[in-house]
Amino acid sequence: MSQYIDGQRREALTGARDVVRDPSTGEVVDEITLAGPDDVEAAVAAARAAFPAWSGATPGERSAVLRSLAFLLEAEAEELAQTESRQAGKPIRLAREFDVPGTIDNTAFFAGAARTLEGQATAEYSADHTSSIRREPVGVVGSIAPWNYPLQMAAWKVLPAVAAGNTIVLKPSELTPLTTLRFAELATQAGIPDGVFNVLTGTGVDCGAHLLRHPQVDMVSFTGSTRVGRTVLEAAATTAKRVHLELGGKAPFVVFDDADLDAAIQGAVAASLINTGQDCTAATRAIVHRSLHDRFVEGVADLFASVRLGPTQDPATDLGPLISTAHRDRVAALVDRSRAYARVVTGGTVPGGGLAAGSYYAPTLIADAGLTSEVVRDEIFGPVLVVLPFDTDDEAITLANDTPYGLAASAWTRDVYRALRATREIRAGCVWVNDHIPIISEMPHGGMKESGFGKDMSTYSFEDYTVVKHVMFDLTGVAAKPWHRTVFTGPQGGGDR
Ligand code: NAD
């Protein structure tokens, strides 16, 4: 049963079937059905019908059910971590210590944040009127999420939308729908009314595209590749929907000559290999001062060699597989092409033996690549780090900004003025100083440039999921308002009555 519509698990009306596979073994984890246009109709109708009551619930009522949801998620944390690990090929340590606790914390955060929706104070900005602000939900949100952090991405889409009084139809990736479906069931158990949170499992073309164009959907929020993000914008234009886009990245990791080199090496390994590099904020371009370049390359290569690839269920495993063999082969082909113009320092291999059935790929470090080469410019979305040297601070900042993306970046330096310059001049939605990756529920996540627009997490996300309405009350109580004279002066020639 892989659709969740109006508070119930259902099969898709299409009858189309597929399987969810564990990328670490290729084994089938579950069977699913794939939604089509009729399922989209049913889910959007349920969300529409639920909207008046849910948008009319008090912030306190919305907060209470989200609080219960956080407790239910906590009680089921281990099962969720196991499912997440199996469907997405995540090392269980990452699922237990990052994906699931992050989702619980986000849910607890939005339970509180639901009560903080606010605007400017009511006031007399004109002497004859009182103005006030209403912050209202947008309506029915159609959301589409990727496979790399299935539960967290679902949470990031659903929580601010629902906390603000919207209802939602969410399509997770067809590769990883299982924890999202369970998240919706737990939401019902927590007291979220039927129809407020619906899940459609289906492909982008047969399900997602219909959701994006549905006339009863008021807003689309999308997390995924920049390529598909462009089609989301086009589809939204057909009925002028509000759009929220969290797209790809190619994060720079800038190491200045005064940096703590050991910290930078350690940080680069963790930040480039998190989730097997399938992280939109992962460090992908290490831009390193020439005086440190060779020692950095050597240090990262040594640590890459110590990273343990293994079964995802083993808590000692550091690095899991890529999401599919098709994706692994794409990453491998890109690295292979780079051998013609760059130096593959370490990695670039497909492990055999006990890992051969999964879509594993060795941690890969590439040096001496040209600035216009595809490994430097394109999002690889795998365990691949490219190192580029620089000589001056100006050059470092220019290189950091030299991609169409602008999602995340980091600067490694002990000089406060350099750090301040980097945080000011690097165009990215998040710039870390002497770290790279941590996120926190209270702070926004979102991009600039072709990494998209709109914020996930934090109360800033409410700017996307609410509409600000101006309400203006007349204070005079007279028929002929003073401002009417600018339009007509009346039978007495302009006197006030
Ligand atoms: P993707 O763009 O291929 O797919 C994302 C989602 O869109 C999936 O659910 C897919 O089924 C759906 N989809 C595909 N084609 C569609 C279409 N024509 N119409 C409607 N829906 C369609 O991305 P992916 O491979 O699942 O995820 C990886 C990408 O996501 C990377 O580019 C990564 O950077 C990005 N990402 C960004 C963030 C962020 O916060 N900015 C977070 C996670 C992932």
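Reader: Which backbone lies 3.4 Å from a nitrogen atom of the ligand?
Author: Happy to start there, with the reminder that this is a predicted model. A polar contact here is a pair of N or O atoms within 3.5 Å. At 3.4 Å from a nitrogen atom of the ligand, the backbone N or O atom belongs to Gly204.

Reader: How much of the ligand's own accessible area does the protein cover?
Author: Taken on its own, the ligand has 850 Å² of accessible area. The share of this area that the protein covers is 87%.

Reader: Which side chain has an N or O atom 2.8 Å from an oxygen atom of the ligand?
Author: An oxygen atom of the ligand also lies 3.5 Å from a backbone N or O atom, that of Gly224. For the 2.8 Å pair, the N or O atom sits in a side chain, and that side chain is Lys171.

Reader: Is Thr276 buried or exposed?
Author: Thr276 lies in the loop between helix H9 (261-273) and strand S13 (283-289). Its contacts beyond four places in sequence include Leu319, Pro321 and Gly382, and its side chain reaches the backbone oxygen of Gly320 at 3.2 Å. Buried means under 20% relative accessible area. Thr276 has 2% relative accessibility, so it counts as buried.

Methods: Residues are numbered from 1 along each chain as its sequence is written. This is a predicted model: local features need pLDDT of at least 70, side-chain atom pairs count only at pLDDT 80 or more; totals for chains, interfaces and linings use all residues. Side-chain values use heavy atoms; hydrogens and water are left out. A polar contact is a pair of N or O atoms within 3.5 Å; within protein, one must be able to donate a hydrogen and the other to accept it, and residues adjacent in sequence count only if both atoms are side-chain atoms. Accessible areas come from the Shrake-Rupley method with a 1.4 Å probe; for residues, only the protein chains shown count as cover. Helices (H or I, at least four residues) and strands (E, at least two) are DSSP runs, numbered from the N terminus. Buried means under 20% relative accessible area, exposed over 50%, partly exposed in between (1.4 Å probe, protein chains only). Contact means heavy atoms within 4.5 Å.
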